[in-house]
Amino acid sequence: MSVRYTQVDSFSAEPFRGNPAAVLVLDALPSAAWMQHVASELGLPATAFVVEPAAGGDDFVLRWFTRAAELQLCGHGTLAASRVLWEHGLAPAGELIAFAAPAGPLRASRRGDWIELDFPATPPSESPPPAGLAEALGVTPSWVGRSRFDVVAILDDEKLVREAMPDLGALRRVEARGVMISAASAGGGFDFVSRFFAPRIGIDEDSVTGSAHCSLAPYWAARLGRQEMVGYQASPRGGVVRVRLAGDRVVLGGQTAIVARGELLVDPE
């Protein structure tokens with residue numbers, strides 16, 4: 001037996017930009033150990049494992065793993081999984097996809113060339129900076145908060161975000177899934193820019209982080225006074241995330257490009 005997988009670049013319509021994820025669609029959920037082995041072997045920022053709904057059910061089961069750990073919430077992996085399900089005819093074209101995921105129910109829908117994800121908002125609350133944060137980032141944030149998963153550090157200038165060269169070893173000691181830095185954008189069609197570092201879970205710098213925008217959307221909505229915005233994650237690959245705040249949910253919009261298909265010659269456990 002073999003398992004097919006598809007590699008998708010998420011949050012970009014162009015190949016080799018955005019954030020890459022592998023997607024495996026399975027008949028049953030394998031062991032966590034097997035999924036971790038596969039994610040480590042493929043070596044991408046995230047690998048999404050999807051199980052089709054049981055008879056009479058509506059929700060696809062969705063899990064995500066990095067090279068080193070399971071994720072509780074993953075935007076680019078969900079975007080990739082949604083594209084694959086529609087592409088392969090496993091979900092009806094044009095219809096909403098419902099997922100049962102570790103962070104709760106998620107939804108995906110198509111809007112032309114864009115996919116929109118209905119995710120939980122994870123607004124950050126202001127908190128004292130973790131010890132050594134400024135030294136690790138190489139710049140002193142003007143505001144620091146914590147969300148459900150991450151540390152959020154706001155900088156005074158977009159240039160500081162784009163040019164930051166953090167000490168990843170020091171960031172690894174921060175007790176959080178990751179550390180995001182963000183600033184208001186000076187233009188270019190974007191409302192804010194960001195970058196995301198998660199060395200504790202095997203990702204030194206994530207290319208485009210959908211789940212980080214679940215925190216950035218409510219923060220910048222309050223700061224900028226608008227519910228709909230466009231964020232740019234200024235990693236070397238870069239990617240665009242449309243956000244819309246909807247109460248305690250955030251709608252994340254992104255494009256995708258399928259770049260590869262392969263075959264895994266190891267049976268699920």
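Is D204 buried, partly exposed or exposed? D204 is partly exposed because its relative accessible area is 41%, where buried means under 20% relative accessible area, exposed over 50% and partly exposed in between (1.4 Å probe, protein chains only). The structure is a predicted model, in which local features need pLDDT of at least 70, side-chain atom pairs count only at pLDDT 80 or more, and totals for chains, interfaces and linings use all residues. Residues are numbered from 1 along each chain as its sequence is written, and side-chain values use heavy atoms, with hydrogens and water left out.

D204 also takes part in a salt bridge, pairing with R172 at 3.9 Å from N to O. A salt bridge is a side-chain nitrogen of Lys or Arg within 4 Å of a carboxyl oxygen of Asp or Glu. R172 lies in the loop between helix 5 (168-171) and strand 12 (179-184), and D204 in strand 14 (residues 203-206), so the pair ties together parts that are 32 residues apart in sequence. Helices (H or I, at least four residues) and strands (E, at least two) are DSSP runs, numbered from the N terminus. R172 is partly exposed, at 39% relative accessibility.

The loop between helix 5 and strand 12 also holds E175, whose side chain meets that of R200 in a salt bridge of 3.4 Å, N to O. Because R200 sits in the loop between strand 13 (192-198) and strand 14, this pair ties together parts that are 25 residues apart in sequence. R200 counts as partly exposed at 37% relative accessibility, whereas E175 counts as exposed at 58%. Salt bridges that share partners join R111, E116 and R244 into one network.

A further salt bridge is formed by R237 and D9, with the closest N and O atoms 3.2 Å apart. This pair links distant parts of the chain, 228 residues apart: R237 is in the loop between strand 15 (228-233) and strand 16 (239-246), and D9 is in strand 1 (residues 3-10). D9 is buried at 2% relative accessibility, while R237 is partly exposed at 24%. The count of salt bridges comes to twelve.

Another arginine, R83, lies in helix 2 (residues 75-87). R83 counts as buried because its relative accessible area is 16%. Not counting residues up to four places away in sequence, R83 touches R110, I115, T256, A257 and I258, contact meaning heavy atoms within 4.5 Å.

In soluble globular proteins, nonpolar side chains tend to be buried together. A nonpolar core is a set of buried Ala, Val, Leu, Ile, Met, Phe, Trp, Tyr and Cys residues joined through side-chain atoms within 4.5 Å. The largest such core has 54 residues, and those with the most contacts inside it are W64, L73, I97, F99, V243 and L252. Apart from it lies another core of 21 residues, including L133, L155, A164 and I181. Leaving aside neighbours within four places in sequence, V243 is in contact with residues including F192, H213, V250 and L252.

The largest pocket is lined by 15 residues, of which S2, V3, R4, V25 and L26 lie nearest its centre. On a 1 Å grid over the protein atoms alone, a pocket is an open set of points where a 1.4 Å probe fits, with protein on both sides within 12 Å along at least five of seven lines; lining residues have an atom within 4 Å of a point. Strand 1 gives the most to this lining, with four residues.
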